[in-house]
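This report looks at selected features of one structure, taking strands, a helix and charged side chains in turn. Please keep the sequence and the coordinates at hand while reading.

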Amino acid sequence: MRNPCAAFLLAAACAIAWAGAAAADDVILKDGRKFTGEVLKETDETVLLKTPGGSLDFRRADVLQIVWKTPPRKVYKQKNDALLAKEVTQRLELARWCLAQGLDAEARREVDAVLQLDPQNRDAQEILPKIKSVGLDIPVTVEVTLTDGSQVKGRLMNPVFSLETPYGVLRIPTRTVAAVTLGDEKNPDQIETESFRAKGQLGEELFVVESKLGRLTIARKDVRSMALTLPSPAQVADIEFNDTMRQLNFAGLDVVFVVDSTDTMAASLTRLRTDAKRVVDTVRRFVPNAQFGLVAFRDHKVFDPAEFTWVTQVTPLGEKPDDVLGALSVLRAKGGGDIPNAVFDGLSDAMTKAGWRAKSVRVILLIGDSPPHLENDGLKKTLALAGEWHRNVQGTVNILDTTGFGRLLDEYKAIAEAGGGKAVAADDKNLSREMLPMILGAAYRDRILKVFDESGDGK
């Protein structure tokens, strides 16, 4: 950070004035200092914060957390809503802003809108390769027959079709369109999807096709007919899965296991120690750069004076999982006292002490059989903690409830929901098999477990 002392005094001097302004962002440093303003840019190296007294440039390595008071996606929506439909220059500026904020899908949306208006726009073409993660990209093959009888085959690049109907304008994603029939002065245009058919006036005047001859822009007036070919459901499933894994590898997947280590968890810990390496190896088969951390928790001395040794033990995230596997190998169930345990402390330490990578996909997997303490609004604070973490860093809190008998604690369901995740009841035999879909995605359960089962007996 440049001139930290001056920056600190500047932030303090402006605090009162800024408090009365619009909602602002907080940058919290690892040394405990907090600066308030508007985060203009966040990269893996720096964080740029605009304050009433000027801009502050922090080293990303010095930043513990960014608390967005106005989330970037909400700002994007406000900026996007203010744009005129056929605005090109401002859309390009907004696309660049989205890139600086890490909003790749939104940046792609703006670039696509520009290319719809001006397919040969050089600025848009220069921005396009810089968008690292653009979401699901399902190829749609098109065969265009021109009025002179010639044909063009290739991939249709128009992201959406706009169709003005008597009921309003429909914006239909190209990847859902099965057929397009171009009308004439007497007959309307028609678009068919798997679920409906609509007639109206097609908004597209140009069709962009990536062919063997390069990217071609074809005027509607030159088109006699066009036939679309969509990938099969199996191909779509492959595309979705590969795209998800590609995004996880690009962003980096960070997983922290938060494990109740009290007496009643003895059997679950035994299963974890047995299968931990297979779980980690399976995840890294799909996401080689995945990192793992561990937070073991028990309870406070006031609730368990006879067996008290520690509340939490933290093993930070790291490139090699040996530290986590080693910590699990020596972890034993002990103590607990009353039924509730230090769930809040375990989650809090996972969120603040695990060493998350900048912009990583962050997953907390809580494994336990006891709720948080109710004293001093313990459950309410735990719900707030999970909710704030999910909103601020888009992290996910998933929970495996090992209470038994298929029972799922109401407290766990509420915590997982607040943390943007799910809670699932799991017994000791299927514990490891339930962990993997919660880490890599429940939609891909069969694919993931097939790899897991192939690496051992899967039991």
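## Strand pairing and the sheet

The structure is a predicted model. In it, Asp-254 has Arg-362, a residue of E19, as its bridge partner. This pair sits where strand E16 (residues 253-260) and strand E19 (residues 361-368) run parallel, joined by seven bridges.

Both strands belong to an open sheet of six strands, ordered E18-E17-E16-E19-E20-E21, in which the pairing is mixed. Strand E18 (312-318) and strand E21 (423-425) form the edges, and because each has a single partner strand, one side of each is left without a neighbour in the sheet. From one strand to the next, the twist averages 15 degrees. Helix H8 (residues 322-330) packs on this sheet, where it touches E16, E18 and strand E17 (291-297), and its direction makes about 25 degrees with that of E17.

Which residues of helix H2 are buried? In this helix, which spans residues 72-81, Pro-72, Val-75 and Tyr-76 are buried, and because they cover an arc of only 105 degrees around the axis, they lie on the same side of H2. The cover over the buried residues of H2 includes helix H3 (89-101) and helix H4 (104-117).

The face of H2 turned away from its buried side carries Lys-74 and Lys-77, which are exposed.

## Salt bridges

Side chains of opposite charge can pair when their charged atoms come close. The count for this model comes to 20 salt bridges. Among them, Arg-33 pairs with Asp-31, with the closest N and O atoms 2.9 Å apart, and Arg-59 pairs with Asp-62, for which the corresponding separation is 3.0 Å. Arg-59 counts as partly exposed at 48% relative accessibility, and Asp-62, at 24%, also counts as partly exposed.

A further salt bridge links Asp-410 to Lys-413, the closest N and O atoms being 3.5 Å apart. Both residues lie in helix H11 (residues 410-418), three residues apart, which is about one turn of the helix. An α-helix has 3.6 residues a turn, so residues three or four places apart point the same way. Asp-410 counts as exposed at 54% relative accessibility, because the cut-off for exposed is over 50%, whereas Lys-413 is partly exposed, with a relative accessible area of 41%.

Definitions and conventions
Residues are numbered from 1 along each chain as its sequence is written. This is a predicted model: local features need pLDDT of at least 70, side-chain atom pairs count only at pLDDT 80 or more; totals for chains, interfaces and linings use all residues. Side-chain values use heavy atoms; hydrogens and water are left out. Two strands pair if DSSP finds at least two bridges between them. Helices (H or I, at least four residues) and strands (E, at least two) are DSSP runs, numbered from the N terminus. Axes are lines fitted to C-alpha atoms, for helices over the stretch in contact, and angles run from 0 to 180 degrees between N-to-C directions. Contact means heavy atoms within 4.5 Å. Buried means under 20% relative accessible area, exposed over 50%, partly exposed in between (1.4 Å probe, protein chains only). The arc is that of the directions from the helix axis to the C-beta atoms. A salt bridge is a side-chain nitrogen of Lys or Arg within 4 Å of a carboxyl oxygen of Asp or Glu.
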